[in-house]
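Visitor: Hi! Could you walk me through this one?
Guide: Happy to, here it comes.

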Amino acid sequence: MNINMTLIGQTIAFAIFVWFCIKYVWPPLSQALHERQKRIADGLDAASRASRDLELAQEQAEQTLRESKEQASEILEQAHKRSTQMIEEAREQARSEGERLVASARAEIDQEVNRVKDELRAQVATLALVGAERVLESSIDEKAHREMLDKLAAEL
Amino acid sequence: MAADNEMTAIYYIQHHLQNLTFGKHPENGWSLASTSQEAVEMGFWAIHLDTMGWSIAMGALFIWVFRKAGRMATTGVPGGLQNAAEMVIEFIENLTRSTFHGKNPMIAPLALTLFIWILLMNSLKLIPVDYVPEMFGRLGVEYMKIVPTTDVNATLGMALGVFLLIIYSSCRVKGVAGFGKELALTPFNTWLLAPFNLILEIVGLLVKPISLGLRLFGSMFAGEVIFILIALLPFWAIWMLDVPWAIFHILIVSLQAFIFTTLSIVYLSAAHEHH
């Protein structure tokens, strides 16, 4: 066993073979590997994007729900407020109406009283006249005393 | 001079085709064979240390690389090694799924092991034929044939392993009696022709591992011989034939590994089927 040029020849051949592999055998393999890697990466990306989208949608839905709940409660509150207000108004109205009624009744009463008083006054004069006529048993000059008696009645 | 050259060439070829044999020599006892003649004289009780060593080394390399890939495995985008390992595993998985019709979780790992192991062992052939033997020659090791699959012991050994699996699967799926019955009653379904059937089926059964082992061995051995013959050319001419042959062998190396794997799966699939 001795080293000779065969070894050099084999080395040349091996070098060419390795060059060939690097040039023509490795690239398609490496490309296939890269494609596979890229496919997986894309798949994972899509999955994470989808999950992010889902999260976002969920969040949005939640927010919408929250907003609508808020709105509903606001509306409810408003309605409540309004109903209290209405009740308050109605109460106020009723009170004022009552007061008005009371006032008008009172005014009527006053009016009646005044009317009765006037009537009384009118009658007092007549009664006084009649009474005086009876007392004096004589005819009194009606005209002469009417004026005086009217004055008296007005003072009542 | 011509005769001398011829002698050198014959010596060169023989030297390259001789395994490093350790065995029981009738005269020297347990020892390394120092010539081909001694190796032959050792008979059956000998072992090819180079075949064993290189095949175990390739097996270890396979396990180491794939274990490393498995340990580094992430569920995210796979890195280089994991990506390559996944690609190979996917390939084997598809092959198994399309070829194997029984139910056995062991088949795909077996196919992966066979494929990668044979591929690695065959690939040793692409290293120039003189490199490693020369190196070991310097270290005082006379013979070194680095491609285990050019040794019929290695290929028939693997085929024997597959054969034992075929027998085991057949017995497990059909039962020993069922397996015997299958051997006795096909192709002619009558007890009258049972002996004839038996001879036919047993020959058919034995041919499977032998053809499996010899196919791989023949292809690899022939390729190796051509490489050695090419190496006998003048040094400036070697590359002209060596390079095309090596490039062609990229195909042969993977094709033979693929064929061995596929046929093993097919045989095991047949063993799992009821007739």
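Visitor: Which strand of chain B pairs with β1 over three bridges, and in what sense?
Guide: That is β3 (residues 46-48) of chain B, which pairs with β1 (residues 21-25) in the antiparallel sense. Strands here are DSSP runs of E, at least two residues, numbered from the N terminus, and two strands pair if DSSP finds at least two bridges between them. T21(B) has H48(B) as its bridge partner in β3(B).

Visitor: And how many bridges join β1(B) to β2(B)?
Guide: Four, running antiparallel, with β2 covering residues 29-32 of chain B. K24(B) stands opposite W30(B) there, and the two strands form a hairpin with three residues between them.

Visitor: What kind of model is this?
Guide: A predicted one: local features need pLDDT of at least 70 and side-chain atom pairs 80 or more, while totals for chains, interfaces and linings use all residues. Residues are numbered from 1 along each chain as written, chains are lettered from A and ligands numbered from 1 in written order, and side-chain values use heavy atoms, without hydrogens and water.

Visitor: New topic: how many residues does each chain give to the contact?
Guide: Chain A gives 24 and chain B gives 31, with contact meaning heavy atoms within 4.5 Å.

Visitor: How many salt bridges are there between chain A and chain B?
Guide: Two, a salt bridge being a side-chain nitrogen of Lys or Arg within 4 Å of a carboxyl oxygen of Asp or Glu. One of them links E86(B) and R36(A), with the closest N and O atoms 2.9 Å apart.
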